[in-house]
Amino acid sequence: MSGPVTLGIPQLAPTDVRGAGLTLSLGKAVAVMAKALFGHVVAPAELRMVEENAVLRAKVRRLERELEELRTQRDAAIAHELLSMAGENAEPALA
C-alpha cells in the first residue's frame with residue numbers, strides 16, 4: 001500500500017470550495033469563542049482595576065482641592081501677618 005496515511009478523519013481538499021468555507025467558519029468560531037473566554041476570564045479583574053482607578057482619581061482630585069484651599073489659607077495668613085507687622089506706616093514696595 002502506498003499513499004497518504006490518515007487517521008480516519010475525513011478531510012476535504014484545500015481547493016474544494018466547501019473545505020475552504022468550512023475552515024474559514026471554524027476559524028471564526030474559534031476566534032469568537034477565544035474572545036468570549038478571554039472576556040469572561042479577564043473582565044472581572046479589569047473591571048476591579050478600572051473601579052480602583054476611578055476611586056483613586058477621585059481621591060486625588062479631593063486632595064488637590066484640599067491642598068489648594070490650604071495654600072490659599074496659608075497665603076492669606078502670611079499676608080495678614082506681614083500687614084500687621086508693617087503697622088500704620090506701610091508704604092508700597094515700589095514707591
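Q: Why is Arg74 called partly exposed in this predicted model?
A: Arg74 has a relative accessible area of 47%. Partly exposed is the class between buried, under 20%, and exposed, over 50%. The value for Arg74 falls between these cut-offs, so Arg74 is partly exposed.

Q: What makes the pair of Asp75 and Arg74 a salt bridge?
A: The closest N and O atoms of Asp75 and Arg74 are 3.2 Å apart. A salt bridge needs a side-chain nitrogen of Lys or Arg within 4 Å of a carboxyl oxygen of Asp or Glu. The pair meets that limit, so it counts as a salt bridge. Side chains of opposite charge can pair when their charged atoms come close.

Q: Is Asp75 buried, partly exposed or exposed, and how do you know?
A: Asp75 has a relative accessible area of 42%. Exposed would need over 50% and buried under 20%, so Asp75 is partly exposed.

Q: How many salt bridges does the structure hold, and what makes Glu66 and Arg62 one of them?
A: The structure holds two salt bridges. In the pair of Glu66 and Arg62, the closest N and O atoms are 3.8 Å apart. The limit is 4 Å, so this pair counts as well. Glu66 and Arg62 both lie in helix α1, four residues apart, which is about one turn of the helix.

Q: Why are Glu66 and Arg62 called partly exposed?
A: The relative accessibility is 38% for Glu66 and 41% for Arg62. Both values lie between 20% and 50%, so both residues count as partly exposed.

Q: What makes the contact between Thr72 and Glu68 a polar contact?
A: The side chain of Thr72 reaches the backbone oxygen of Glu68 at 2.9 Å. Thr72 lies in helix α1, and at 46% relative accessibility Thr72 counts as partly exposed.

Q: Why is Leu82 called exposed?
A: Leu82 has a relative accessible area of 52%. Exposed means over 50%, so Leu82 falls in that class. Leu82 is in helix α1, which covers residues 17–86. Together with Ile78 and Met85, Leu82 makes a nonpolar surface patch of about 330 Å².

Q: How confident is the predictor in the protein chain, and where is the pLDDT below 50?
A: The mean pLDDT of the protein chain is 73, and 49% of its residues reach 70 or more. The pLDDT is below 50 over residues 16–24, a stretch with three contacts in the model beyond near neighbours in sequence.

Conventions: Residues numbered from 1 in each chain as written. Predicted model: local features only at pLDDT ≥ 70, side-chain atom pairs only at ≥ 80, totals over all residues. Heavy atoms only, no water. Patch = residues over 30% accessible without salt bridge, like charges linked within 9 Å, V, L, I, M, F, W, Y side chains within 5 Å. Areas by Shrake-Rupley, 256 points an atom, 1.4 Å probe, with all protein chains shown as cover. Helix = DSSP H or I, 4+ residues; strand = E, 2+ residues; numbered from the N terminus. Buried < 20%, exposed > 50% of the residue type's maximum accessible area, 1.4 Å probe, protein only. pLDDT = per-residue confidence, 0-100. Contact = heavy atoms within 4.5 Å. Polar contact = N/O pair within 3.5 Å; in protein donor to acceptor, adjacent residues only side chain to side chain.
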